[in-house]
Each structure stands twice: as structure tokens, then as C-alpha cells.
Amino acid sequence: MPGMSRNSVIALAASASLALLATACTGQSGAGAGDDASKETTLTFWHAWSAPSEVKAVQDLVAGFEKAHPNIHVDVVGNMTDDKMNQALRTGGAKAPDVISSFTTNSVGKFCSSGALVDLNPFFEKSGVDPGKTFPKAMNEYTQFDGNRCAVPLLGDAYGLYYNKTAFEKAGITAPPKTWSEFEKDAKKLTIRQGETYRQLGFMPNYHGWETTTEHYLGQFSPTYFDKDGKSNVGKDPAFAQAFTVQKKLVDALGGYRRLETYRSELGDEWGPKHPFHTGQVAMQLDGEWRLGMALDTKPKFDIGVAPLPVPDDRADEYGKGYITGTIAGIAATSRKQNAAWELVKYMTRDTDAVVDFSNAIHNVPSTLAALKSPKLKYDPRFKTFLEIAANPDSTTAPASVNGGVYLTTIQQFGYDYESGKATDLKKGLQQTARQIDTDIAQAK
Amino acid sequence: MSTLTLRAKHRRSALRTLAFLSPWLIGFSVFFAYPLISTVYFSFMRYDGFKPPAWVGTKNWAYVVEHYPLFWPALRNTLWLVVVMVTLRVAFGLGVGLLITRIKTATGVFRTLFYLPYLAPPVAATMAFAFLLNPGTGPVDSLLDRAGLPTPGWFNDPTWSKPALTLLALWGIGDLMVIFMAALLDVPKEQYEAAELDGASPWQRFRYVTLPNISPIVMFAVVTGVIQTMQYYTQPLIAGKVASGVIQGAGTQFEPGYPDRSTLTLPQLVYNLGFQRFDYGSACVVALVLFALSMAFTALLMRRRGGLIQAGER
């Protein structure tokens with residue numbers, strides 16, 4: 001084999017390394033709301049639902065719209081992930097969506113601040129609709145950023161407490177806990193150790209425990225994530241320290257981080273039939289309204305109870321609230337049919353019967369105050385708890401941010417460090433977390 | 001022949017050369033040169049894919065290096081994997097290659113057995129390993145426990161997650177085994193015979209006959225191993241996700257690196273920054289760090305070991 005010169009070596013190294021790199025650059029076309037919604041037109045609607053029953057529910061919803069607006073036709077495209085939607089919103093084009101529906105509220109700040117979705121305030125005003133009187137408070141909050149309302153709630157999710165009634169009876173517990181102190185006592189009573197592991201765990205408190213994320217815990221402590229200048233409040237608002245302390249106490253009381261993590265690794269996944277609440281391996285579960293149907297489908301060998309999550313002892317009067325999130329809908333800035341698109345968005349998100357029918361089919365919480373009270377809602381009596389949580393004015397959500405959910409993952413990351421004992425100084429850790437959030441937001445602006 | 005005719009002939013020759021080279025030149029420009037220049041350009045821009053790019057100077061560089069909390073853990077993990085995983089893979093691949101070339105019976109069966117794991121799709125293989133190494137229910141820890149040995153947390157323990165990934169990489173050693181087998185079978189038999197006549201021990205035959213003959217292949221394995229490890233994305237991401245129990249569903253937040261950022265690698269940061277945070281500028285910074293690192297490693301290895309030059313050819 002011939003020898004290689006120095007330049008050849010560098011050239012070969014460079015060529016090999018170049019293979020690591022790739023990039024893309026796209027633009028955004030101009031559009032507007034100059035179309036006539038009374039004329040014949042076809043809209044493209046992208047949504048994320050994928051299960052056959054859900055896809056049918058969306059089709060029925062759209063069919064109802066087309067019946068009410070015979071001149072507007074809708075091409076429905078399902079199973080679209082946020083990645084695909086973001087790409088389409090950036091590039092626009094003939095096949096790009098006019099209306100999108102995303103499962104996550106985390107991107108609302110990015111959608112609004114970047115102008116990817118149009119501000120719907122003028123549309124609401126033109127239609128004489130007051131969003132504050134139409135949607136529950138928390139849902140109203142997570143669909144806007146800095147006064148720009150670029151999204152509308154399209155059904156919602158409310159978080160509550162599921163509990164194993166049979167296990168409660170065996171442990172001599174007569175009612176679900178209302179405060180975190182009661183909750184800790186009950187969780188300990190419900191925990192049955194078996195050597196290094198558990199025969200039954202009262203509650204999985206770890207932040208990796210499916211829905212026991214920091215923001216879902218924090219919802220019960222009504223924190224103020226940002227001050228009026230938009231700076232992180234994590235280091236200042238005592239609600240954060242209180243929430244982290246409650247969770248850490250639970251972790252320590254129920255066996256410690258490492259033992260709980262090992263037990264968690266033995267358990268089934270969140271979306272499968274072997275979810276530990278279904279199997280009775282965990283007696284209480286923080287979860288969304290969808291868990292009820294999923295749990296009942298597995299025909300568990302115990303009675304399921306549903307209640308609001310506990311509240312801090314000093315906020316006992318707020319019992320009944322919960323964390324709220326949900327699906328959102330919006331109009332693409334690249335759409336040239338924005339007035340027609342508004343008719344579709346308005347129908348799907350505001351028409352009480354349409355919202356109720358959709359909620360009945362999808363088993364999510366309705367997203368308008370009128371629909372929450374509708375007698376046409378069909379549900380298991382236990383589902384009513386979630387309707388009440390959604391309508392509760394004390395219920396909370398995580399606000400939209402310019403860099404999406406990054407601040408939530410930063411808080412969650414500190415949560416992992418704190419629950420595992422890697423971080424021990426709570427005050428210092430929260431202050432560092434706040435600084436990191438501010439730095440990340442400054443980077444995104 | 002006049003000067004004019006000579007010049008015309010040279011020009012025609014140059015054009016012909018260029019024409020033959022053009023497919024490569026076009027490919028190189030479109031797929032290598034343009035992305036590289038764009039990456040450098042965007043590393044100095046604020047660009048989220050929605051608004052037009054805006055010049056920010058070295059702000060993205062300062063953010064990634066000084067303030068992005070995942071950068072240094074990812075860099076440390078990537079370097080750990082480059083040093084430990086690549087070394088072990090090359091040593092193990094060579095060892096298996098030597099073993100297979102010495103086996104006289106059922107050679108085909110053994111070759112197939114060792115090569116098959118390499119064909120397993122990375123996602124499926126990683127999920128299978130996460131199952132086997134599950135600290136609560138996995139058969140590996142059950143066996144270790146029965147034998148009275150310590151039972152590591154593997155993908156659930158930050159101390160053991162990278163060794164677990166290394167085990168996974170060693171399991172799929174088929175590619176290197178085949179390359180080393182071909183190289184080992186190519187070593188002239190006369191050299192072994194001469195060494196034996198000189199009274200060389202098996203180790204001396206390996207050290208002074210086998211190794212010099214296959215050194216370009218060893219170097220090839222190391223260089224490609226380093227580049228592959230720099231691009232290591234799928235296995236650590238899947239292992240972290242499966243072990244964490246967090247299935248990235250609609251509306252769920254998932255930061256890669258479980259447990260405790262121990263499975264974070266630089267390519268995961270490119271995705272995290274570029275496609276989860278829409279901070280393309282910072283993603284380009286991480287891509288350029290990867291570029292610089294892989295170039296430095298490759299140049300260093302090629303220069304120190306004399307590149308792809310066989311013994312006796314220097």
C-alpha cells in the first residue's frame with residue numbers, strides 16, 4: 001500500500017469527518033386572512049390522533065362541520081407528529097395544513113412568538129367571542145403567550161388521584177387523602193414490603209414514575225413560574241421548595257430512591273395493560289382522566305376510586321383543583337384560507353354539541369365551560385371528578401414559554417438530582433435552576 | 001506542434017478530467033461542502049426555522065460551552081465511549097477473528113453465530129438488552145444473584161449504563177470479526193513458518209508477524225470505530241428511554257441521558273437543540289465540535305501509526 005502524504009491524511013480525515021454534518025434551511029411564505037369564507041374552498045387539517053376510534057371521532061367532528069358549512073370541505077390527515085407539523089408550518093406550500101391540532105401545549109410559546117400560528121385574537125373579536133368566558137381558566141392560559149392567542153383548546157386533560165379501593169379497605173383507610181400529610185400516611189399504610197422489593201407499593205413518587213412529573217406535582221402547589229418581567233420564579237416562590245420537599249419526603253418514607261427505581265424497572269409501562277395500577281402493584285396513582293377507561297378495560301380485581309389530588313396542608317381549602325393541559329388547535333400562518341380555517345377552528349373548539357360529542361368519543365375532558373356542564377355528556381360517574389377539576393378556577397397549568405417546555409425539563413432535571421440525593425441543597429439548587437431557565441430563555445429570544 | 005495546439009490539447013484534457021470528476025465533485029459539493037459551510041454559517045446565527053436567521057456572533061458558542069448543562073456530560077460520555085468502547089471492540093473483534101480462523105470444524109456455523117447479532121436492528125437489539133439487563137426482572141441479574149455475585153443496575157445505574165452499552169457493542173462484533181478474519185487469512189504463511197523455525201513463541205508470532213501485517217486493518221477499524229462512536233445515537237437513546245420507563249407520548253417531556261445524563265452523547269444534543277428546542281445555531285455548534293473532534297482523532301491516529309501503511313511499506 002503506498003504511503004500517504006500529510007495533506008492526504010488531513011484530506012481523508014476531513015472527508016471522514018464531514019460525513020457527520022448536515023443542515024437544512026427553509027423559509028416561510030407570506031399569507032393572510034383575505035379569503036372569503038362563504039365561497040367554495042377546501043381546507044387541510046392535520047391532527048395527531050391515530051387510534052381507529054379516535055380517527056373516526058375526528059372524522060365525525062369534521063363531518064359535522066362540513067354539514068354546517070357545505071361550501072367548506074376538509075381534507076383530514078391524522079397521525080401527524082409535532083416534528084412533521086413544525087416542518088410543515090415552517091415551509092408552507094400547497095399540501096401544508098391550514099389548521100393543525102397538536103397534543104402538546106409546550107410548543108404554544110414557540111408557535112406564538114415565531115408567528116408560525118396566527119394570532120386568533122382578531123378572529124375572536126370579529127366573532128364577538130370572549131375566550132375568558134368560553135374556556136376554563138387554565139386552558140385559556142396555556143393557549144396564549146405574551147398576549148398573543150395563537151391556539152385554542154380542543155379538549156383537555158385533567159390530572160387527579162386514582163386509588164385502589166380494595167387496598168384502602170384492607171389498610172383501614174376510609175376516604176382518599178385530601179392533604180399531602182394525609183397522603184404520605186396513607187401511602188405508607190398501603191406499602192407492603194417483600195424483602196428488598198414490594199408486594200404492594202402505596203404510591204410511586206419518583207419523577208420517572210410515569211405521570212409523577214415535577215409539573216404535575218407542582219400544579220397542586222399553585223406556583224408562579226415567572227415573575228412580571230418574565231424571569232424564572234423557581235428560586236423565589238416558596239411553592240417550589242414546598243413541592244420538592246413533599247416529594248422527597250415521600251421518596252424517603254417509601255423506601256428511598258434506589259429501591260423505588262429498582263422496583264419501577266420491574267413494572268409494566270404506562271400505556272400497556274400491565275400498568276402497575278391495573279395490576280395492583282401500586283395502590284395510588286397520579287394520572288390523567290384517560291387512565292379510568294384504560295384501567296377498566298383491563299378488568300382489574302379491585303374497585304377503582306377517583307379523587308382530586310391532595311393539596312398542601314396550608315391550602316386545604318383549595319382541595320378539588322388539579323393540573324390541566326390538553327390538545328390545542330391553531331391556524332397556520334402560511335395558510336391562504338385563514339377565514340375559512342377560522343370557521344373550522346371555531347366549530348371544533350366552541351360549538352357546544354360538537355365539543356361534547358367529540359369528548360364523548362375521545363374520553364377527554366371538554367374544553368369549554370358550556371360543554372363541561374352539558375347534559376349530553378356521557379361518562380362513568382367517576383369521570384365527573386375530572387370535569388370538576390377542569391372547571392375548578394384554582395386548577396393550574398404550566399405557562400407557555402418562548403422556548404417551549406425547556407424550562408419544565410430544567411426543573412424536572414433538578415428534580416431527578418434532588419430525589420436521588422445528588423443535589424442536597426434545595427435552596428441553592430432552585431436558584432441555579434432559575435438561572436439556567438433565564439439563560440435558556442435569553443438564548444431563545 | 002505549435003504552442004497553441006499544445007495549449008488547446010491541455011485544455012481539452014483538463015476539461016475531460018473535469019467531466020469524469022464531475023459526478024464526484026457535484027456529490028461532494030452538495031452533500032459535504034455545502035452542509036459544512038452552512039453549519040459554520042448557522043453556528044453564528046440565531047435561527048429557529050420560523051424567523052429569518054439573525055447574526056449573533058459567538059453567542060451560540062458561548063451558550064453551548066458555558067451554559068448548556070448537557071454539553072460537558074455528553075462530551076465526557078462520548079470520549080469515554082471512544083476510548084473504552086472502541087478499544088474493546090477492536091480487541092474483541094480481533095480476538096474473535098483469531099479464534100474463528102483457528103477453528104477447524106464447523107467453521108461456517110461459528111462464523112454465522114458470531115456475525116448474526118450484527119444484523120439485528122439497533123433498536124430491537126437495544127430493547128432486548130434492556131430486557132436482559134433489567135435490574136428487577138432481567139435474567140442476567142437473576143443469574144448473578146443466584147451465583148451470589150453483585151447485581152448491577154445496568155441501564156438504570158449511571159455507573160453501569162456505559163459498560164452496558166459497551167456489552168451491547170461487543171455483542172454485535174460481527175462486522176469487525178469479518179474484516180479481521182479476511183486480514184488474518186491474508187497474512188503469508190511463510191512468515192509464520194520462518195518465525196516458527198526461529199523458535200518464536202505464539203505471542204511473538206502474533207506480535208512480530210500477525211500484528212505488523214494487519215496493522216492497516218487495525219487502524220481502519222479504529223478510525224471507523226471512532227467515527228461511528230462520534231455518531232452514536234440510537235442505542236444510548238433507546239436504552240435511556242426504555243430504562244427510564246418514559247415513553248415519549250404526546251405532550252410528554254423527555255430529556256435524553258437517563259440515568260443521570262450518563263447515556264448522553266453529542267449527536268443526541270444535536271437533535272435536542274435543533275429539533276426539540278429549534279435552536280439550530282447551537283445545534284450547529286455541537287455538530288462542529290463533533291467535526292473537530294473526529295478530524296482530530298483521525299489525523300492523530302493516522303499520523304502516529306503511519307496511517308494505512310503495512311509494515312515494510314514505509
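A:His278 counts as buried, because 24 C-beta neighbours fall inside 10 Å. The cut-offs are 20 or more other C-beta atoms within 10 Å for buried, 12 or fewer for exposed, and partly exposed in between, with C-beta atoms placed from the backbone. The model is predicted: local features need pLDDT of at least 70, side-chain atom pairs count only at pLDDT 80 or more, and totals for chains, interfaces and linings use all residues. Residues are numbered from 1 along each chain as its sequence is written, while chains are lettered from A and ligands numbered from 1 in the order in which they are written.

A:His278 belongs to helix H13 (residues 276-279) of chain A. Helices (H or I, at least four residues) and strands (E, at least two) are DSSP runs, numbered from the N terminus. Leaving aside residues up to four places away in sequence, A:His278 touches A:Pro273, A:Ala295, A:Thr298 and A:Pro300. Contact requires C-beta atoms, placed from the backbone, within 7 Å. A:Ile304 is 26 residues from A:His278 in sequence, and their C-alpha atoms are 9.3 Å apart.

Strand S1 (residues 41-46) of chain A has five of its six residues buried, so the strand is largely enclosed by the rest of the structure. S1(A) runs parallel to strand S2 (residues 72-77) of chain A, joined by six bridges. Pairing of two strands requires at least two DSSP bridges between them. A:Thr42 has A:His73 as its bridge partner in S2(A).

Chain B contains 13 helices and two strands. Its radius of gyration is 25 Å, well over the 20 Å that the globule rule gives for 314 residues, so chain B is more spread out than a compact globule. The radius is taken over C-alpha atoms, and the rule is 2.2 Å times the number of residues to the power 0.38. The C-alpha trace of chain B spans about 80 × 65 × 30 Å along its principal axes. Buried residues form 38% of the 314 residues in chain B.

An unreviewed UniProt entry places the feature "transmembrane region" at several spans of chain B, including residues 21-44 and 164-185. Residues 21-44 of chain B are 92% helix and 0% strand, with end C-alpha atoms 33 Å apart. For residues 164-185 of chain B, the values are 91% helix, 0% strand and 32 Å.

Definitions and conventions. Two residues are in contact if their C-beta atoms, placed from the backbone, lie within 7 Å. UniProt positions are given in the numbering used here, feature names are shortened, and annotations may be inferred rather than shown by experiment.
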